[in-house]
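Dear colleague,

I am passing on the structure we talked about, so that you can look at it alongside the notes in this message. Please open it first and keep it beside you as you read.

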Amino acid sequence: SSGINAEWPLRPGYKVQLLDDSTISCRVEKGSKGEELINQVCMFLELEEKDYFGLCYLHSKQQDLVCWLQSKKPIHKQIGTSNSGYQFRFRVKFYPPDPNKVQREMTRYSFVCQLKKDILDKKLSCSVHTECLLAAYALQAEMGDFDSEEHLEEGYIQQCAWFFEDVSPTMEESIKETHKSLRGMSPGDADFKFLDIARKLDLYGIHQYEAVDTAGTAIHVAAVWNGIMILRCGSRQNSFPWSKVYKLDFKGRHFYIIFKPSLENAGKDSISLKFRNKQSSKLFWRRCVEYHAFFRLKKKKVPTATLR
């Protein structure tokens, strides 16, 4: 069950696309901050562990840039005043290292929905063997035990494994056999197994931003739970743990990572990256600061310089 209340009244105002691609309409008071809209969506979904989630939208001037609605800032100051019918997307904002450690089953279900989208959107890739396992657990969670009469119909696998494209006949047979072996497994346990596999994939939780390093090489960068990731050609190349980062900054197109002094070097090492424009640089800076705060501030207070 998705936990969605079908009787919730649809009201004019902001449109929000949910993880199951359905859309709801929400109205908040004029001057409301982002958190009020986020809270309203989470209330609709009966989602208690709401801190992992957020509302994203497309940049008004650059439609390929994804922005996150800031919770403490008035909505109209983020998207403008001509916002009647403005559409947001409800998504996972912070990917924890182990999503199975969250407390609520609805939260885990929402992570599963997000990861299916990440696979469909080619943000998360895996081997054919892993695809078959994930598809089988998705089938068990959605359809229950394999039924030789109901599940021999053409298209039965695509009903729940829609997030994989080009499923070959060999893969279909492997998925079916694995599904048969899961008899008796509850939907919650199937989601648990799905998440346990997905979280170990190389690109789990990574939303990539285009950049150029100091050598002029095109790279992608991402903020993750334990630091900043550098990727080349779709593979992890390097990483900078939050524990070693002293300060993050940006100026125009340039983004700077300043490291804490090391035993080998009394000064502060730093690297600079160049984004295609200042909007991209600022968005990635904010993404890093928010990830850093979410996963590190609970353990240790961060110097205010880091927050600029």
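Predicted model: local features only at pLDDT ≥ 70, side-chain atom pairs only at ≥ 80, totals over all residues.

Salt bridges

A search of the whole structure finds 12 salt bridges. One of them joins the side chains of K122 and E165, with a nitrogen-to-oxygen distance of 3.5 Å. K122 sits in the loop between α3 (105–120) and α4 (128–143), while E165 sits in the loop between α5 (156–160) and α6 (169–181), so this pair ties together parts that are 43 residues apart in sequence. The two partners can also be described by their accessibility: K122 is exposed, with a relative accessible area of 60%, whereas E165, at 45%, counts as partly exposed.

D196 is partly exposed at 22% relative accessibility, R199 is partly exposed at 26%, and K200 is exposed at 53%. Through shared partners, salt bridges join D98, D196, R199 and K200 into one network.

Positive patch

On the surface, K61, K73, K77, K278 and K282 gather in a patch of positive charge.

Aromatic pairs

The structure holds 21 aromatic pairs. Among them is the edge-to-face pair of Y52 and F294, whose ring centres are 5.6 Å apart and whose planes stand at 65 degrees. Because Y52 lies in the loop between α1 (34–44) and β3 and F294 lies in helix α8 (residues 278–296), the pair ties together parts that are 242 residues apart in sequence. F294 is buried, with a relative accessible area of 14%.

The rings of F94 and F295 have their centres 6.4 Å apart and their planes at 85 degrees, so this pair is edge-to-face. F94 is in the loop between β5 (87–92) and α3 and F295 is in helix α8, so the pair ties together parts that are 201 residues apart in sequence. Here F94 is buried at 7% relative accessible area, and F295 also counts as buried, at 15%. Ring pairs link Y52, F53, F90, F94, F111, Y291, F294 and F295 into a cluster.

Definitions and conventions:
Residues numbered from 1 in each chain as written. Heavy atoms only, no water. Patch = residues over 30% accessible without salt bridge, like charges linked within 9 Å, V, L, I, M, F, W, Y side chains within 5 Å. Areas by Shrake-Rupley, 256 points an atom, 1.4 Å probe, with all protein chains shown as cover. Salt bridge = Lys/Arg side-chain N within 4 Å of Asp/Glu carboxyl O. Lys, Arg positive; Asp, Glu negative; His and termini not counted. Charge placed at Lys NZ, Arg CZ, Asp CG, Glu CD. Helix = DSSP H or I, 4+ residues; strand = E, 2+ residues; numbered from the N terminus. Buried < 20%, exposed > 50% of the residue type's maximum accessible area, 1.4 Å probe, protein only. Phe/Tyr/Trp six-rings, centres within 6.5 Å; stacked < 30°, edge-to-face > 60°.
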